[in-house]
Amino acid sequence: MLSAHTVSVVREAESALMARVPDGTLMRRAATGLAAECARLLPRVYGARVVLLVGGGDNGGDALYAGANLAARGASVHALLAGRGLHQDGAIALRAAGGRTRWFTDAMADETDLFDADLIVDGLLGIGGRGGLREPHATLALLAANAPAPVVAVDLPSGVDADTGEVSGHAVRADVTVTFGTHKPGLFVDPGADRAGRIHLVDIGLAPELPGPALVRPQPVDIASLLPVHGAETDKYRRGVLEIRAGSDRYRGAAVLCVGGALRTGVGMVRYGGGLRVVDQVLSQWPETVARLLDPQSSTDLSPGRASAVVIGSGRGTHPANSDELYSVLESDLPVLVDADGLTLLTGDGGAALAELLCERTAHTLLTPHAGELARLMEADRGDVEARRLEHAARARDRFGCTVLLKGSTTVIAHPGAPVVVNPTGTPLLATAGTGDVLSGAVGAFLASGLPAREAAMCGAYVHGRAATLARGGAPISASDLLDALPLAIQEAHRAV
Ligand SMILES: NC(=O)C1=CN([C@@H]2O[C@H](COP(=O)(O)OP(=O)(O)OC[C@H]3O[C@@H](n4cnc5c(N)ncnc54)[C@H](O)[C@@H]3O)[C@@H](O)[C@H]2O)[C@@H](O)CC1
Ligand SMILES: [K+]
C-alpha cells in the first residue's frame, strides 16, 4: 500500500525529526532526491537548460538547492522568484554554483526563458499553500503549462491542496511529482491526482516519526493478496451465493449488467429475484442465474433467504414497496451493498427508518453512491462533493456507521476506524451509463465470497477500473464491454504476487 499523511501530521513528524538531526539536514535530503530525479529526466545534465519557479517558502528552498546541485554539474539554471519572501541560503547556494536568480513580474511574461527550457521545476508552493494560487504564482503556473518542457513538481504541484486534492483556479500540471517523506492525500485524489503525473517518493528519514496513514492507495500486490483463492475442496455454496435485487421490469438492463458483473468476477451462485420480464431477460442473457419471480410491489416475503450477501438498488425503483424490500434486506444479518435507487430511498418518505436500520446493522454494509447521490444523501452540494471527495465520503461513513464507496474520477472508500482507500485504477471512459451496475455486481461477488466490506470494495473498484482499460485497449467502452474484461483484470491482479 502506498500511504499518505495530512499536512498537520507531516509537520509534526518533521519537527520531531528536525530536533534530532543537524539544521538543514531534511532540506538537503529532499533537494538531493529532487536533483537526482531531475537528472534522470534530462538527456544529460551538462548544458541542460533548467528553469526553477521559486516561491518564498521552503518549497522554493528545495528547488533552489536542487538547482544548485544541477548547476554544479554543468546545467544552466535560472530561477524565477515569485512572492514576497525568498529562501536566502538556497538562493546563495544556487548563485555560488553558477545559477542565476531573477524576480518575476508580469511584464516578463513574454520574455521568460521558460519556453526554451529543457526542464521546469515547480517550487512555488508545497504543503504551506493555502487556497487558489495568487499572483504572480498563477501566471507562472499558466506559463509552465504552455511551455513544451517537462515539469517536475516539488513535493506537490503548486495550487493543489495537499490534504484534499482540491484545485481552485490555476494549478501546475506536472509530469513528475517528487514528494518528500510520505505522500500527501492530494496527490492521490482528483483533481490533484490528475495534476501530479508520475509520483516519486524521496525518503528523508521521516518514517519512524509518522503515525498510521490517513489514506492508502493499494498496489497490484495488495489486491492480489486479498483476492479469494478457491481450493479443490470448494463448492458453489462455499464460493458464495449472491442475491441480486437490482433492476426491474422497467429497468432490465441494470439487472443484466449487475448479474453479469457478479458472474464475471466469480461467485458460486447468483440468485436473482424480480418481475416476470426482468427475470426472462436475465435468464436469456445469463442462464446460469438461479432466478425466481418476486415482485416487490405485491409480494410479502421480500427477505433474501439463504444467501451470503445481497446487492440491492440499481434500477429497482423508488416505490414504497421498494422501501419495504430494502427494509427486509437491511433487517437480515447478511452483508449488504446498497446502490442507486436504494440510496434514494434513504432520503425519501420512510428514509429515516431505513437510515436508522442501516446505522444499527452489525453485518458488513456498503453504500456505493456517485457524487450526486452522496450530495442528496448528505444534503450537500454536488460540486462540493466532487471537489472534496475524501471529506464527504468520510462524513457519510460517520453518519451511517458503514463503508462508503464514492464513485467518480477518483473512487474513494471510507470505512469506520481505518484509513480511507483511494482506488488507483480507472479511466474517464468509465463515465458512461451502466458501469455502476457492473461495479455493484463485482463488489457484491467479493462480499459473497467472504471479503469484508472495505476489502470487497477495494478489490471490486480495482478490477472494475482495470477492466475499463483492458476492455478495448483505451478506446471508448460501454458498460457491457466491462463484463468480458473483468476476468482478464482479475487474472492480471493474481499475477502481481
Ligand atoms: N519542514 C521540513 O522539514 C521540510 C520541508 N520541506 C519543504 O518545505 C515545504 C513547506 O514549506 P513552507 O512551510 O515554507 O511552505 P511553502 O513553501 O509551501 O509555502 C509557503 C509560502 O507560500 C505562501 N502562500 C501560501 N498560499 C499561497 C497561495 N495560494 N498563493 C501564493 N502564495 C501562497 C505563503 O505566504 C508562504 O510565504 C514542503 O512542501 C517541502 O517542499 C522539505 O525541504 C523537507 C523538509
Ligand atoms: K510545488
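Modeller: Quick definition before anything else: helices (H or I, at least four residues) and strands (E, at least two) are DSSP runs, numbered from the N terminus. Also, this is a predicted model, where local features need pLDDT of at least 70, side-chain atom pairs count only at pLDDT 80 or more, and totals for chains, interfaces and linings use all residues. Residues are numbered from 1 along each chain as its sequence is written, with chains lettered from A and ligands numbered from 1 in the order in which they are written.
Colleague: OK, which element gives the largest share of the shell around ligand 1?
Modeller: That's α3, with 4 residues.
Colleague: And how many residues surround ligand 1?
Modeller: 29, counting a residue as near if its C-beta atom, placed from the backbone, lies within 6 Å. Gly 57, Asp 58, Asn 59, Gly 126 and Gly 128 are the closest.
Colleague: Switching topic: where does UniProt put the "binding site" feature?
Modeller: The unreviewed entry lists Lys 407, Gly 408, Ser 409, Thr 410, Thr 411 and Gly 436. They span 30 residues in sequence, but no two of their C-alpha atoms are more than 13.8 Å apart, so they gather at one spot. UniProt positions use the numbering used here, feature names are shortened, and annotations may be inferred rather than shown by experiment.
Colleague: Is Lys 407 buried or exposed?
Modeller: Buried, as 25 other C-beta atoms lie within 10 Å. The cut-offs are 20 or more for buried, 12 or fewer for exposed, and partly exposed in between, with C-beta atoms placed from the backbone. Lys 407 sits in the loop between β16 (403–406) and β17 (412–414).
Colleague: What about Thr 410, where's that?
Modeller: Thr 410 is in the loop between β16 and β17, and it's buried too, with 22 other C-beta atoms within 10 Å.
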